[in-house]
Amino acid sequence: MIFKIGIDVGGTFTDFLLMDNEGNSNIFKVLSSPEDPSIAVMTGLNQMADKIGISLASFFDKIEIIVHGTTVTTNAVLTGNVAKTGLFTTKGFRDALQMRRGIREELYNNKYLPPEPIVPRHLRLPVIERVDYAGNIVTEINENDIINGIQLFMDQDIEAVAVCFMHSYANDSHERKAKEIIRKYMPRAYLSVSSSVLPQIRFYDRVSTTVLNAAVGPILKKYLSKLTTRLSENGFSGIFLIMQSNGGVTTPDIVTGLAASTLLSGPAAAPMAGMAYAGLHGQKSFITVDMGGTSFDAALIKDAKPIVTMDGKVDRMALALPMMDIKTIGAGGGSIAWIDEGGLLRMGPKSSGARPGPVCYGLGGKEPCCSDADLILGYLDPDFFAAGKIKLNKAVAEKAIQNLVAEPLNMSLIEAAYGMYHIMNVNMASAIREISVQRGFDPRDFLLVCGGGAGPIHAAMISLELDISKILIPKESSILCAAGMLLSDLKHDFVRSFHTQFPLNDNKKQYFSSLITDLKSAGDTILSNEHISEEKRKFQFSLDLRYVGQYHEVCVPVEIDDIMAMKFEKMAKGFHAEHNRLYGYDLKDEKTIMELVNIRITALGITDKPGFRKEIFAGADVSQALKGQRPVFIPSKMAFAPINIYDGDKMNHGNHVMGPAIIEQKNTTIFVPSMFEIECDQYGSFMMTKINHIA
Amino acid sequence: MANKIDKILASVFQRRFKSITEEMGLTLLRTTRSPILNEARDFVTGLYDAQGRMLEQTEYIPVLAFAVQPALQYIVRYFGKNILDGDVIIHNDVFSGGNQNADVAVFKPIFYNGRLVAWAACKGHQADIGGAVAGGYNPEAREVWQEALRITPVKIYEAGNFRKDVWDMIFANIRYKIVEEDIKAEMGGCIVGERGIKALLERYGISKFKEHVEYLFDVTEKMVRKEIEQIPDGTYPGESYVYYDGIHEGSKMKINLNVVVNDDKISFDYSGSDPQTQGFVNAPLAATASAVLLTFLMLINPDIPHNDGIMRPIQIINPKGSFLNAEYPAATTFGNSITGPNADAIMKAFSNILPKKVTAGWNRFLGFTLTGKDPRSNRSYVDILFLALKGGSGGTYMADGYDHIGLINCAGGILAQDYEMFEIQDPHFLVKHEYLKDSAGPGLWRGGLGIETIFEIYGENVTGIAFGDGVEEEARAFGLFGGQEGSINKAELKYPDGTVKVARSKEIIREIPKNTLFKNIAGGGGGYGDPLLRPVDKVLEDVRNELVSYKSAQNDYGVVIDEGSVTVNKEETEKLRGRNG
């Protein structure tokens, strides 16, 4: 037996998916250990060995691959525990990092403070040098500024140095010079140079990304070296890969060089998981949602392509690396109910977290949460939460909702609980609207892929808000991201800025093709360092184009053959079409001049994915899984009714249930409302479908 | 009726109204072409009921937040029964509810089962609106016609039919083609709004919609009244000045405000303010009302929904003929810029009754627009230079002022241009854009930092238009409770022959030669509280970061810092602080 393991370190739980070469899967969940996340990782691996019944050593010997997602870098930024970082930047512009273009996100809140800059002003050192927008050197670099700065950095125990000069995407010679000098005098410092990290126009985006990369570099390096040492001490000699925010994986060596690519990587694997599960049903366009204890993540995938954004933010600071476009809101089982000054009920974004957690956990929580409402409405079984490991206390939950929600609103307990449930669903539906309707997509054309422990209780009601008629609940829904990690490819993004009229004039073509060659060889080099053979490499080019005078570009995917052959007219056609899809119009007929801004390449190394085991068809009859009945709140009737409860872990391929019903599994509960039916597929996942009204 | 209200459904409606206006906003952000819309985000989207009462809005900058409803209510009265399904109405006129000539709004009535049920509206600052000078700001204007084309309410679509005659007449009077595109984008935004409201009506029906809208207005009103009740009853005066009318040397115009709080009602009485000026330093009624509401919102719970209910307990007394409510045919383009001085008067009025909520003075806005030809492309360009114009806000209880936030009208919603994009879009070569040392007014909580911007002009046929305030000593951002003033604004042109021209606060400067060095200072905000009480380590941090000088640390904050080691001299500091504090 050989194993593949996906490990997702979250804020509350560390999730594991263990798969063997016969397609069997096993889920493990261990409480996270924020002080040293590798402790929880080792605990989980130990539990797996126990469960299989072999020694840890022989288990490690049989692990072929571990894919790991980590939040150490994100947490480091959010808590301010980053490496001590210094910045060299062009004289005259050392405040761009802190200014953040002067935005205050809360317009009317005069107590709202800007985030502390990662590098304080006295460690942002000006360097005399200047390159203009066309890449011409206007002022030569003053190397003494660097040498004197290094002295100051060493006095200040700087661990990481960032370098970002004006227009370095157009000419990186000054940054390279600076790098050389820093390397020489500070060989152990983590170095982050903007023309390597993100050679892309827009100074603030670049300096912010470069500094974030520097600040988390040493943190990630330390964490990964500790973890890989532990694994190898225990005899692990398989492949070890790390999840990135772009939805791809890479090796520890490479990811340490671009540590910022792990920032916000937490939810990035969910779309990858969705791709595999929806793919099994022949679906290429879908929306993944993942509802945990504190947050709700939603992402949209169209034609098997996840939507990518270069507009990321960590703690309100720009992170312009390409990453999965995931909308996260504060909505989860722990979301707290409150009443605003006007007497309207609100849910979240404040959460009770894992501790004290919802009132019904009995761990001291006083404020009524989403899970408390789910319990009172009968969706959760007090004796079967987390497979009975946690007993839920219904009486205290009732009291909290009665006192803090029902009475102030002059409602019954049940009305209040249903109000909480309903407003949660409306909030989550709004988040999905943002990534669909607001991006020019109609949610009704998409399948909803639902993950997270709390998700399937709400999924059907969310889908009603959006008129979505099909919901897939994967067998591994409670650990969707851990599963996604095993299903991701190696992935690297490269960019070069080249601002010029499009289609290109003849005298620009040579430079253009040299950039293409550069990008392609950068991709080849990195994939060959990851030992990916040529037939498993895939390259995707895209161009950032815009109409002259516009500020925002449109990223247009282009065929590799077209770009090699410089078929500009064809690529322009693609731009007009994409502009039209996004914004409802194009300026093709007006013959408006177009501009090229950036050239991008994504280099993919296709990995061997685990296969899912198919089960034989067992027919529609589900009587073997029926556990009994209990009264559950039925929204369409606005009343309780006794409905069937099924043991999801005993349901087989083809088993069919009509709503209303509850399906309970070890790690999740599915609520099937009256107007839905649900069927177990050949991989043990559930497909829930809205029944069209016959009346 | 009250017993029919489903409070949960009310929450749902409120949430949906908000998200529909956000969708409308995003549509505009993506489809408009003028940088003042897609980059500086100078627009607002909103939904209104059949009578023109605001249901919700999404504003990217506060000054536009309450500037749509007055015009819409005028339109509802103006057309009366002649509002048809499929109409689209355009409007900018400041003498019928508009707030600024360049802010052009598009309104679309929403019909359901043949009945007018709601309105969608988008309003945005246009790159040009006709008049004597490109770009909409004309400090030389004496009457509205020198500033802009007046668009009184007019249908560009009637019952679904495009009125090409009207459209062509309007755009024959506006310089740039992109304004036409941007008005089309506003119409697109209204269609998105209409779609959203109709989907809600399909689902819940018209009677539930109406009842719950009334309920939402009522609860919002209740929230505001509750906030006002907490303010002690009384009359609170506040005054402030706008400096220089653009014509008379040394002129200043007084804002005379009395805030009257009576139980759960509040009034802002501007009686006694100076009469309207001959030039463009005048505000239309809607601009003054907007200034009042945005400043008041900063003093109460910011989470209160933005709908008609918010305005019910608030009365604004603003007699006609004052420069805060100028009569036809006054020039008024400077009206939005009076928001800063007006906010000063409001903050001062509240300073003794809400000392923990008010801020010290914000840096006043000094605008500077450059127009000319870019020799690289031979295309003409207009740049409103929001990169250079964002000074600091005032300090407040428990928080320093916000650095480089910009005018209070926008409250940090307007973004500075990115440096590299700035050099690509315009023929300018940036030399410096940094915080300005000692610009922040000292205080226990200091003011926000101002900035210094220097760039070389490479354009041809360049004209500069200054329109602003804050260049006079008296116009510095004021300090509160022992806090000190912020620094002044300054716009300065150093011509290639070495002569230096300092711009007045309202002035057109023509024929600026190529290779002129433009230097602009946007000053800092005022300080709050005694600077001698500011924690020593905070002062040290500002000195180490070269944001406060050694001299200011000693003289203003009473903190003596040794220059070599950058450490605090405790003994000397205690002497200074002990003596004063």
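Ile5(B) sits in the segment that comes before α1 (7-31) of chain B, where helices are DSSP runs of H or I with at least four residues, numbered from the N terminus. This is a predicted model, in which local features need pLDDT of at least 70 and side-chain atom pairs count only at pLDDT 80 or more, while totals for chains, interfaces and linings use all residues. Residues are numbered from 1 along each chain as its sequence is written, and chains are lettered from A in the order in which they are written.

Beyond its neighbours within four places in sequence, Ile5(B) is in contact with Ala10(B), Glu211(B), His212(B) and Tyr215(B), contact being C-beta atoms, placed from the backbone, within 7 Å.

Turning to α7 (residues 285-297) of chain B, 13 of its 13 residues are buried, so the helix is largely enclosed by the rest of the structure. Its end C-alpha atoms are 19 Å apart, which agrees with the 18 Å that 13 residues should span at 1.5 Å a residue, the expected span being 1.5 Å times one less than the number of residues.

Now to the two chains together: the contact takes 51 residues from chain A and 58 residues from chain B. On the side of chain A that touches chain B, the largest share, 6 residues, comes from α13(A).

Notes. Helix = DSSP H or I, 4+ residues; strand = E, 2+ residues; numbered from the N terminus. Buried ≥ 20, exposed ≤ 12 C-beta atoms within 10 Å, placed from the backbone.
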